[in-house]
Amino acid sequence: MHSLPLLLLLLLFWGTGSHGFPAATSETQEQDMEMIQKYLENYYNLKSNEKQIKKQRKITPVVEKLKQMQKFFGLKVTGKPNAETLNVMKQARCGVPDVAQFVLTEGNPRWEHTNLTYRIENYTPDLPGAVVDNTIEKAFQLWSNVSPLTFTKVFKGQADIMISFAWRDHGDNSPFDGPGEVLAHAFQPGPGLGGDVHFDEDERWTNDFTDYNLYHVAAHELGHSLGLAHSSDIGALMFPSYIFSGDVQLSQDDINGIQAIYGPSKNPTLPTGPQTPRVCDSKLTFDAITTIRGEVMFFKDKFYMRVNSFYPEAELNFIAVFWPNLANGLQAAYEVAHRDEVRLFKGNQYWAVRGQDVLPGYPRSIYRSFGFPRSVKNIDAAVFQEDTGKTYFFVAHHYWRYDEYKRSMDAGYPKMIADGFPGIGNKVDAVFQKNGFFYFFRGTRQYKFDPKTKRILTLERANSWFNCRQN
């Protein structure tokens with residue numbers, strides 16, 4: 001039951017929100033305020049005691065919890081329920097709190113033995129039983145590969161980790177909420193419910209991109225079963241919001257966490273995981289960069305970064321958030337603004353997108369569409385020059401020029417990058433055009449290049465577009 005005084009207090013500091021957020025009706029605001037209260041109570045240990053709030057006559061507890069939540073998710077810390085904050089709150093997620101009195105008990109709970117057993121008590125009708133068995137086994141293997149833990153499946157009796165699919169109130173004092181929002185929850189190591197994993201059967205479980213990928217959610221929940229709390233690293237499997245990027249793997253943050261509890265793997269070659277890019281890392285490099293509807297979007301591994309009026313401090317998120325079915329590890333990208341089209345390249349294929357929609361009929365071959373010879377295995381970088389209608393493709397030490405209006409490669413190419421773009425070097429990592437200038441990226445350096453005079457105008461760090469105090 002919601003506390004009316006708290007809802008009124010939330011209304012007092014609602015604020016105008018960020019630019020572009022549609023004006024909310026009083027009904028919408030009330031629904032959002034109820035959601036904010038519920039979210040902070042469930043995941044950030046907000047106390048909803050009416051007398052306590054009235055006595056304080058301030059909104060400090062709510063503001064502080066909002067700030068705590070915003071800091072955890074890497075949002076701008078305002079203490080106000082702006083559009084970005086509400087968007088994160090509305091995402092499907094794990095039911096384990098991010099900050100609460102009993103997220104981890106004193107002494108950090110762990111299993112005292114490393115040869116753990118598990119049992120699948122029942123199965124979802126959404127997937128064949130064999131697929132569920134294989135998915136759960138793979139989820140356990142992620143953690144056993146990087147730690148001394150082993151997992152054995154048992155078919156009867158009590159196991160260390162009991163796994164089940166359940167609806168609504170299922171007897172553990174943590175009822176599910178129906179479709180969406182909370183997807184699953186798990187209990188920390190210990191007797192009784194300790195280590196157990198429960199999946200919400202009101203969700204539709206899949207083994208692909210649609211709805212909720214069981215492998216991804218299971219691997220996350222098992223992290224809790226082994227003693228891990230949520231991570232604020234968006235690239236970590238233990239990040240609380242559900243973001244499926246197409247592959248399920250442990251980040252270095254996850255590996256560091258599990259090894260801090262149980263020690264390193266017995267594998268003679270210690271496994272490592274990917275690290276999430278840090279936008280203000282002076283050693284940051286990029287795989288591809290493009291403009292898109294007035295913004296500049298930077299790609300690195302499975303992430304994108306961008307800066308605009310909504311995200312002045314640089315937004316970092318998964319490419320899959322924009323384009324769920326697109327490949328990770330993009331190698332080149334460019335925008336044809338008059339067609340409202342962005343082309344994204346990996347290997348010898350490319351995709352065309354318009355806004356957040358991948359256009360039908362893709363991916364396509366770079367050989368058939370652009371006429372590249374079969375010796376070209378991938379594109380390093382690409383940029384469209386608006387005033388000439390030409391697109392430049394950079395491959396190793398060479399570049400090609402393509403006519404977007406004739407839809408054919410210009411004669412006399414390829415040519416050497418060093419000849420056509422003096423001072424840039426022999427290879428290009430990424431490039432984009434803005435205000436008539438080309439911005440070339442090579443390693444940690446960025447070159448502002450005037451294509452008319454063929455001169456380098458400035459030399460800066462690659463991440464100079466981000467609002468970093470120190471580079």
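Start here: with which side chain does the side chain of Arg343 make a polar contact at 2.9 Å? One partner is Glu341. A polar contact here is a pair of N or O atoms within 3.5 Å; within protein, one must be able to donate a hydrogen and the other to accept it, and residues adjacent in sequence count only if both atoms are side-chain atoms.

Before going on, some ground rules. This is a predicted model, in which local features need pLDDT of at least 70 and side-chain atom pairs count only at pLDDT 80 or more, while totals for chains, interfaces and linings use all residues. Residues are numbered from 1 along each chain as its sequence is written, and side-chain values use heavy atoms, with hydrogens and water left out.

Back to Arg343. Its side chain also joins that of Glu404 through a polar contact of 2.9 Å. Arg343 sits in strand β13, residues 341–346. Helices (H or I, at least four residues) and strands (E, at least two) are DSSP runs, numbered from the N terminus. Is Arg343 buried or exposed? Buried, at a relative accessible area of 7%. The cut-offs: buried is under 20% relative accessible area, exposed is over 50%, and partly exposed is in between, with a 1.4 Å probe and protein chains only. Beyond four places in sequence, Arg343 touches residues including Ala333, Tyr334, Trp351 and Phe370. Contact means heavy atoms within 4.5 Å.

Ala333 takes us to the next spot. An unreviewed UniProt entry lists Ile289, Ala333, Ala382 and Val431 under "binding site". They span 143 residues in sequence, yet no two of their C-alpha atoms are more than 8.8 Å apart, so they gather at one spot. A caution on the record: UniProt positions are in the numbering used here, feature names are shortened, and annotations may be inferred rather than shown by experiment.

Look at two of these. Ala333 lies in strand β12, residues 332–336, and is buried at 2% relative accessibility. Among its contacts are Ile289, Arg343, Ala382 and Val431. Ile289 is in strand β8, residues 288–292. Ile289 is also buried, with a relative accessible area of 1%. It touches Ala333 and Val431, and also Phe298, Phe299 and Phe441, among others.

Now the second annotated group. Which residues does the other "binding site" annotation cover? UniProt, again in an unreviewed entry, gives His170, Asp172, His185 and His198. They are spread over 29 residues of sequence but cluster in space, with a largest C-alpha distance of 12.0 Å.

Asp172 is in the loop between β3 and β4. It counts as buried, at 8% relative accessibility. Its side chain makes a polar contact with the side chain of His170, at 2.9 Å. The side chain of His198 makes one with Asp172 too, at 2.8 Å. His198 is in strand β5 and is buried, at 7%. Its contacts include His170, His185 and Ser164.

Last, the sheet around β5. Five strands form an open sheet in the order β2-β1-β3-β5-β4, with mixed pairing. Two strands pair if DSSP finds at least two bridges between them. The edge strands, each pairing on one side only, are β2 (150–153) and β4 (184–186). Strand β1, residues 115–120, pairs with β2 in the parallel sense over four bridges. In β2, Thr150 is the bridge partner of Asn115.

That's the tour. Questions, please.
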